[in-house]
Amino acid sequence: MNKIRLCCISKSQKGGLDDEVLRFTRLCRGLDSELEVLYLFSKKIRIAQKQQTLAQDSYSEAFAPYLGGAFCIGLAPHGQIVDSFGFVDLLKNQQKVHFFIGGAYGLSEHFLSQCDAVVSLSKLTMSHRIAMLVALEQIYRALSLMHNHPYHK
């Protein structure tokens, strides 16, 4: 069983995205995988949002407890560009994977250097909601490919 955690600097998403998170969580269970989405936001992050370095430091602090004990993948526009099969290669043979989506200022280079891989979902800048949805869909697509499920077609 794969255990995947998507860690996001964001307040809990109400409405449509919560429905999509629930849908992908259920679909992953059907592929013998566990998917958890963590929304991390604090007063410190809110206050730090006015200055890039402070904001990125607050994101790193929020993510720190999730850096150990898993294969860690930071998501950043300047990261490695992979296709769906390359994404599978990152995940296969990993029992536990943590993905990290930063806040408005993205993830610091220092934080990214602590990750096992840095991947780009796109060279385009995306809102948190869209980045989360794209990441969820790609995680499910990769799991489908790994389990020979026809979803990816």
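Predicted model: local features only at pLDDT ≥ 70, side-chain atom pairs only at ≥ 80, totals over all residues.

User: How many of the residues of S4 are buried?

Analyst: A residue is called buried when its relative accessible area is under 20%, exposed when it is over 50%, and partly exposed in between, with a 1.4 Å probe and protein chains only. In S4, five of its six residues are buried, and this strand is mostly covered. Residues are numbered from 1 along each chain as its sequence is written, and side-chain values use heavy atoms, leaving out hydrogens and water.

User: In what order do the strands of the open sheet lie?

Analyst: Strands of a sheet pair through backbone hydrogen bonds, either parallel or antiparallel. Two strands are taken as paired if DSSP finds at least two bridges between them. Here five strands form an open sheet in the order S2-S1-S4-S3-S5, with parallel pairing. Its edge strands, which each pair on one side only, are S2 (33–40) and S5 (117–120), and from one strand to the next the twist averages 30°.

User: Which strands are joined to S4 by bridges?

Analyst: Strand S1 (residues 2–9) runs parallel to S4 (residues 96–101) and is joined to it by six bridges, with Arg-5 opposite His-98 and Leu-6 opposite Phe-99. S3 also runs parallel to S4, through five bridges, and Gly-74 has Phe-100 as its bridge partner in S4.

User: Which strands does H3 lie across?

Analyst: To compare directions, axes are fitted as lines to C-alpha atoms, for helices over the stretch in contact, and angles run from 0 to 180 degrees between N-to-C directions. H3 lies across S1, S2 and S4, and runs at about 150° to S1. Within helix H3 (residues 52–63) we find Ser-60, which counts as buried because its relative accessible area is 17%. Contact means heavy atoms within 4.5 Å, and, leaving aside neighbours within four places in sequence, Ser-60 is in contact with Ser-108 and Phe-111.

User: How many disulfides does the count come to?

Analyst: A disulfide is a covalent bond between the sulfur atoms of two cysteines, and the rule used here asks for a pair of cysteine sulfur atoms within 2.5 Å. By this rule the count comes to zero. Cys-8 is in no disulfide, since the nearest cysteine sulfur, that of Cys-7, is 7.2 Å away. The sulfur of Cys-28 is too far for a bond because the closest cysteine sulfur, in Cys-8, is 14 Å from it.

User: Which residues that line the largest pocket are the closest to its centre?

Analyst: Rolling a probe the size of a water molecule over the atoms shows where empty space is left. On a 1 Å grid over the protein atoms alone, where a 1.4 Å probe fits, a pocket is an open set of points with protein on both sides within 12 Å along at least five of seven lines, and lining residues have an atom within 4 Å of a point. The largest pocket holds about 370 Å³ of space, and of the 21 residues that line it, the closest to its centre are Leu-75, Pro-77, Gly-103, Gly-106 and Met-126. Strand S3 (71–81) and helix H6 (128–146) each supply at least two residues of this lining, and S3 gives the most, with four residues.

Key: Points joined across faces, edges and corners; volume = space filled by probe spheres on them.
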